[in-house]
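Here are some exercises to work through with the sequence and the 3D view side by side. Try each task yourself, then follow the solution step by step.

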Amino acid sequence: LIIANPLAARCVREISKRAESLTMFAAFFLLQASDLLSLLQLLGLAFLLTHCRKWQYAGGLISLSAMATLLAQYTFRFDFIRVVCRDDLQQWLGVKWDQSLAGTEAALSILGMVQHILERVGTLCFDRSQDAQPQFQHWQQEVVSHSALFG
């Protein structure tokens, strides 16, 4: 990705460097529910935060755990599962379908994807003063990486 303005290219690179920490910051505020799955997500983020430079995986953890929670919430909407698991237990586990909780999980999933996209754009961002042409194979890997995210 070649950006004509060197200042804009530098801004994109700086934003991509801080995307991980901003993602974790936003996720800590979005994960304020008192159910088990939200607490497990918070523990996972705290683990990544406290272990060296592991927060580079925060976007992936946030996105995957949010998608898994949405899938669990969808599964627990079926009648045959409601017979086995009471509503109060579903609420405690965090799998009871609630529009606000589902919206939060969708926002977390999108947040993780945006963080990944910002990092990738920041690593591929060149200004015109740099003489760097990315290889076709590198672009092919990027297309595969982004399609796996959206899949």
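Before starting, a word on axes: they are lines fitted to C-alpha atoms, for helices over the stretch in contact, and angles between N-to-C directions run from 0 to 180 degrees. Helices (DSSP runs of H or I, at least four residues) and strands (E, at least two) are numbered from the N terminus. This is a predicted model, where local features need pLDDT of at least 70 and side-chain atom pairs count only at pLDDT 80 or more, while totals for chains, interfaces and linings use all residues. Residues are numbered from 1 along each chain as its sequence is written, and side-chain values use heavy atoms, with hydrogens and water left out.

**Exercise 1. Find how α2 and α7 are arranged, and which residues join them.**

Step 1. The axes of α2 and helix α7 (residues 99-124) come within 10 Å and cross at roughly 175 degrees.

Step 2. That makes α2 roughly antiparallel to α7. For such angles, under 35 degrees counts as roughly parallel, over 145 as roughly antiparallel, 65 to 115 as roughly perpendicular and the rest as oblique.

Step 3. Look for contacts, meaning heavy atoms within 4.5 Å. On the α2 side you will find Ala 19, Glu 20, Thr 23, Ala 26, Ala 27 and Leu 30; on the α7 side, Thr 104, Ala 107, Leu 108, Leu 111, Gln 115, Leu 118 and Glu 119.

Step 4. Sort them by class: eight are nonpolar, three polar and two charged. Here Ala, Val, Leu, Ile, Met, Phe, Trp, Tyr, Cys and Pro count as nonpolar, Asp, Glu, Lys and Arg as charged, and the others, Gly among them, as polar.

**Exercise 2. How many aromatic pairs does a search of the whole structure find?**

Step 1. Rings of Phe, Tyr and Trp (its six-membered ring) pair if their centres lie within 6.5 Å; planes under 30 degrees apart count as stacked, over 60 as edge-to-face and the rest as tilted.

Step 2. The search finds two such pairs. In one, Phe 25 and Phe 29 have ring centres 5.0 Å apart and planes at 75 degrees, so this pair is edge-to-face.

Step 3. Phe 25 and Phe 29 are about one helical turn apart, because four residues separate their positions in helix α2 (residues 19-30). Phe 25 is exposed, with a relative accessible area of 55% (buried means under 20%, exposed over 50%, partly exposed in between, with a 1.4 Å probe and protein chains only).

Step 4. Tyr 74 and Phe 78 have ring centres 5.3 Å apart and planes at 75 degrees, so they are edge-to-face. Tyr 74 is partly exposed, at 46% relative accessible area.

**Exercise 3. Is Ser 63 buried or exposed, and which residues does Ser 63 touch?**

Step 1. Ser 63 sits in helix α4.

Step 2. Its relative accessible area is 5%, so Ser 63 is buried.

Step 3. Not counting residues up to four places away in sequence, Ser 63 touches Leu 108, Ser 109, Gly 112 and Met 113.
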